[in-house]
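Student: I have a new structure open and would like to learn how to read it. Could you walk me through it?

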Amino acid sequence: MSDKHFYIDPSRCIGCNACVAACAECDTHAGVSMIHLETIDRGETVQTTPVICMHCDEPACAAVCPADAIKRTADGVVQSSLKPRCIGCTNCVFACPFGVPKYDAGIDQMMKCDMCYDRMSIGLKPMCATVCPSGALFFGTPEEIAQQRNAVPVNEFVFGKRTIKTKVSLMMPRGSTSLQVKPDAVIRKADLLETSRR
Amino acid sequence: MTTRSQAVSLSVGSLAAILVFAGIYFGSGRLSRFDTPLSAYAAATVFAAFAMAYRYAMWVQRPPTWRYFKSTWKLFLRPKSLVFNLLKLAVLLWNNIVIQKFIEKRSPTRWMAHMCLAWGCIVAFLITIPLSWGWVQFGMDGDSYAVEVMGQRQFLFPPHSPFGFLIFNGLNISAVVVLAGVGLAMHRRLFERGALSVQTLAADLVPLFLLFSVAVSGLMLTACYRLMGGQSFTFLSLLHAFTVVVLLLYMPFGKLFHVIQRPAQLGVAYYKEAGAVGAQTLCARSGEPYQSKLHHDDLRDVMMELGFDFGDHQNLSPQEKRKLVALNQAMALGEQPYAG
């Protein structure tokens, strides 16, 4: 068990794709990249965001799984679906509020980010956090993140009427305690690049 | 306190056990053809039938499972597509259960291991269960062996023929096939780092140990009378019976229960097909279709039932959902370039 935690900061993402390539090197899903790298809106902003599993305390993906195939380990990591059980229904894909699970029709199975469990469970950094050059993906102790960042970690997200607590934290401006995820959030016009040029 | 779902499951489990017991009683001519040395196997199948039916009923009553179960049967039994559905079922059974195509796409070695384990076990059970229930007997008719099913003579075959060899060694052949599968699976469990990090003794290794012990103790029976002059046969037969009984008792509780769950995969194919030809849901942000309306509405209802009321967020495609944490973080940052 590790005292290290995962912190994400989409505002730091530079879209380099290093995380996408590194992810496929993990032994628990060898050769298949589980991380998503989203381009927010190519016409409006250069912003990109890495999306990893947030590892919810009460995972919606597991709750809606008809085959009871998605399990959360004692240390709070929500694993890919169990191969013998997954029936490929895609309930998890559409129930996850973060849009994380990936369904592979060829093998008829859902797979997802498991925080590189082979590494993380022995205290090593997940592959994406190992290679991220800008600190958008950071794996370390609470003390390290507090020392290195002005922002504060938040791991409470409100979707509609439901609050979801997660193992992974999002870096937010000081004073934030949770993030209300509004579906109508506008694209940030003054993006990272334009703002830094001022 | 027994909940309603437990009461239903107890009834279903008891019914399954009664049916198996009745099958043994009547199938063996009111026990006149029942082979008493095999009674431990028969008793274990009665318990396994109860436990598997109980667990299946508990599982199928979970809100998401029950919704799929109902919807799929409704779609399957639609009179106008019943013939097509039955033909499709034959194809699905062949692809997913007989040749297990989807496992081959995960890895050829894994497929080989699973095919060995699955078919070795299926053949072994097809031989063992009718024998232990007193449904099948062998007898002599002149120089030929006679096969009787429920007291009715079926056919004769010469014992010293290739067919006779296969019949007499069916369990030995299936044991060798199972051992090949166990070997391939154990290799993966011992040397593949990904598997090593997530596997557990109870969930992943115990089933392999059980299959190994059943196969080896079964082969030892043949080795005993062929090579050891029958020495310790009583002990070995008891040991083999013990391993088979433990396997049967374990089946409902561990990884091997997937054998019972797996047909649900076939049902999902009908559900997906009906969804694909029906109306589609459009993403509230992108306007693009992303999910069948059938699935969207069913899933929304299940989520509400389970206490996951995400409101309008549930009307977004996974891709748009993935953008929202970044977008909402950006909104919170305002003019700040990054979180800092």
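Tutor: Gladly! Keep in mind that this is a predicted model. Let's begin with the largest nonpolar core, which has 81 residues. The members that touch the most others are Ala60(A), Cys61(A), Val64(A), Cys92(A), Ala95(A) and Cys128(A).

Student: Which element gives the largest share of this core?

Tutor: That is α15(B), with six residues. As a general idea, nonpolar side chains tend to be buried together in soluble globular proteins.

Student: Which residues does Cys128(A) touch, leaving aside those up to four places away in sequence?

Tutor: Its partners are Cys19(A), Ala22(A), Cys23(A), Ile35(A), Pro50(A), Ile52(A) and Leu137(A). Apart from the core we began with, there is another one of 33 residues, including Phe50(B), Ala51(B), Met52(B) and Ala175(B).

Student: Some of those names sit in a helix of chain B. How do I read a helix?

Tutor: Compare its span with the expected one, then look for its buried residues. Helix α2 of chain B runs over residues 39–60 and reaches 31 Å from its first C-alpha to its last, close to the 32 Å expected. Among its buried residues are Ala42(B), Thr45(B), Phe50(B), Ala51(B), Met52(B), Tyr54(B) and Trp59(B).

Student: What covers the buried residues of α2(B)?

Tutor: The cover includes α1, α3, α6, α11 and α12 of chain B.

Student: How do I read the contact between two chains?

Tutor: Count the residues on each side, then ask which elements supply them. Here, 53 residues of chain B are in contact with 62 residues of chain A. On the chain B side, α3, α5, α9, α12, α13, α14 and α15 each supply at least two residues, and α15(B) gives the most, with 15. By class, that side has 27 nonpolar, 14 polar and 12 charged residues.

Student: And how do I judge the overall form of chain B?

Tutor: Start with its secondary structure, then turn to its dimensions. Chain B has 15 helices and five strands. Its radius of gyration is 26 Å, whereas a compact globule of 340 residues would have one near 20 Å. Its C-alpha atoms fill a box of roughly 95 × 50 × 45 Å along the principal axes, and 29% of its residues count as buried.

Student: What domains does the assignment give for chain B?

Tutor: The assignment lists domain 1 (1–61) and domain 2 (279–333). The centres of these two domains of chain B, taken over C-alpha atoms, are 44 Å apart.

Notes:
Residues are numbered from 1 along each chain as its sequence is written. Chains are lettered from A and ligands numbered from 1 in the order in which they are written. This is a predicted model: local features need pLDDT of at least 70, side-chain atom pairs count only at pLDDT 80 or more; totals for chains, interfaces and linings use all residues. Two residues are in contact if their C-beta atoms, placed from the backbone, lie within 7 Å. Helices (H or I, at least four residues) and strands (E, at least two) are DSSP runs, numbered from the N terminus. Ala, Val, Leu, Ile, Met, Phe, Trp, Tyr, Cys and Pro count as nonpolar, Asp, Glu, Lys and Arg as charged, and the others, Gly among them, as polar. A nonpolar core is a set of buried Ala, Val, Leu, Ile, Met, Phe, Trp, Tyr and Cys residues joined through C-beta atoms within 7 Å. A residue is buried if 20 or more other C-beta atoms lie within 10 Å of its own, exposed if 12 or fewer, and partly exposed in between; C-beta atoms are placed from the backbone. The radius of gyration is taken over C-alpha atoms; the globule rule is 2.2 Å times the number of residues to the power 0.38. Domain bounds come from an automatic or database domain assignment. The expected span of a helix is 1.5 Å times one less than its number of residues.
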